[in-house]
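Please take the sequence and the model together, and follow the chain through its sheet, its aromatic residues, its sulfur bridge and a few individual side chains.

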Amino acid sequence: MKVLPVLFLAAALPSFGLAAERPEGIAAAEAIARAALGADCDMNGMEEVPMAGPEAEGFGHAVHRFAYKPDYDPNGPDVEAELYQLFCGSGAYNIRNAFVLKTGDSDTPKLLAFAAPDLAYAYADEENSRLAADPKVRGFHATALLVNASFDEKTRTIASHAAWRGIGDAWDSGSWVFRDGTFLLVRFEVDPTYGEPDPAAPESYVVFEAGR
């Protein structure tokens, strides 16, 4: 899998064509994320983060709305859900996102935590350009921050793609699918090597895939 460099610069904010209107509920979602994550969700010091337009990505919040049938009552009415995708901050080439989910008219919004594998790497050289063995999954942890995240409304999947440095040669990516009120990890892939790819080695490693 060939990955292009991911470069996001705060100075480029005006080019995203952001809308000014902020929907009801976004302030509460922001407060939840700020309280839980502190400096990790300082939103680049902005007093009011704008909403991203339909074609925009990156420096702005977004709200996704959908309905689903809960497992506990598959023949009952649909449950309405609001998913708040929050811009928490950025570096030179990565953007941090948090997600807050509200289901039903009376449920309290909650900050989502995402399962992710904890990986160990055995490198074959000092440049970390080759692996001596496949990545090893040591366990799983939960994170409330995803990097360069997006939401696919058709599949109800949140995806992330974190560049380990600006040129994007080393990276990891994950996919979490919405099922019955929560998001479940279904795939995690990583390329932990730097520099020119080794033609004799895999371009990347799928370290977790649901059903395997």
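Five strands, in the order S8-S9-S10-S11-S12, form an open sheet whose pairing is antiparallel; strands here, like helices, are DSSP runs numbered from the N terminus (E for strands, at least two residues; H or I for helices, at least four), and two strands pair if DSSP finds at least two bridges between them. The edges of this sheet are strand S8 (150–152) and S12, each of which pairs on one side only. From one strand to the next the twist averages 20 degrees, with axes taken as lines fitted to C-alpha atoms, for helices over the stretch in contact, and angles running from 0 to 180 degrees between N-to-C directions. This is a predicted model, in which local features need pLDDT of at least 70 and side-chain atom pairs count only at pLDDT 80 or more, while totals for chains, interfaces and linings use all residues. Residues are numbered from 1 along each chain as its sequence is written, and side-chain values use heavy atoms, with hydrogens and water left out.

Strands of a sheet pair through backbone hydrogen bonds, either parallel or antiparallel.

How far is strand S11 enclosed by the rest of the structure? Seven of the 10 residues of strand S11 (residues 182–191) are buried, so this strand is largely enclosed; buried means under 20% relative accessible area, exposed means over 50%, and partly exposed lies in between (1.4 Å probe, protein chains only).

A pair of aromatic rings is described by the distance of the centres and the angle of the planes. The structure holds 13 aromatic pairs, where rings of Phe, Tyr and Trp (its six-membered ring) pair if their centres lie within 6.5 Å, and planes under 30 degrees apart count as stacked, over 60 as edge-to-face and the rest as tilted. One of the pairs is formed by phenylalanine 114 and phenylalanine 183, which are tilted at 55 degrees between the planes and lie 6.4 Å centre to centre. This pair links distant parts of the chain, with phenylalanine 114 in strand S5 and phenylalanine 183 in strand S11, 69 residues apart. Both phenylalanine 114 and phenylalanine 183 are buried.

Another pair, tyrosine 121 and tryptophan 164, is edge-to-face, at 5.9 Å centre to centre and 65 degrees between the planes. Tyrosine 121 lies in the loop between S5 and S6, and tryptophan 164 in the loop between strand S9 (157–163) and S10, so the pair ties together parts that are 43 residues apart in sequence. Tyrosine 121 counts as partly exposed because its relative accessibility is 28%, and tryptophan 164, at 25%, counts as partly exposed too. Beyond individual pairs, Phe66, Tyr68, Phe99, Phe114, Phe151, Trp176, Phe178 and Phe183 form one aromatic cluster.

The count of disulfides, each a pair of cysteine sulfur atoms within 2.5 Å, comes to one. Cysteine 41 and cysteine 88 form this disulfide, with their sulfur atoms 2.0 Å apart. Which parts of the chain does the pair tie together? Cysteine 41 lies in the loop between helix H1 (26–37) and strand S1 (62–68) and cysteine 88 in strand S2 (residues 79–90), so the linked parts are 47 residues apart in sequence. The torsion about the S-S bond is about -75 degrees, and the disulfide is therefore left-handed. Cysteine 41 and cysteine 88 are both buried.

Aspartate 125 sits in the loop between strand S5 (114–120) and strand S6 (136–143), and it counts as buried because its relative accessibility is 18%. The side chain of aspartate 125 reaches the backbone nitrogen of asparagine 128 at 3.0 Å, and a polar contact of 2.3 Å joins it to the side chain of serine 129; a polar contact is a pair of N or O atoms within 3.5 Å, where, within protein, one must be able to donate a hydrogen and the other to accept it, and residues adjacent in sequence count only if both atoms are side-chain atoms. Threonine 103, in strand S3 (residues 95–103), is buried at 14% relative accessibility. Leaving aside residues up to four places away in sequence, threonine 103 touches Tyr68, Val79, Glu80 and Ala81, contact meaning heavy atoms within 4.5 Å.
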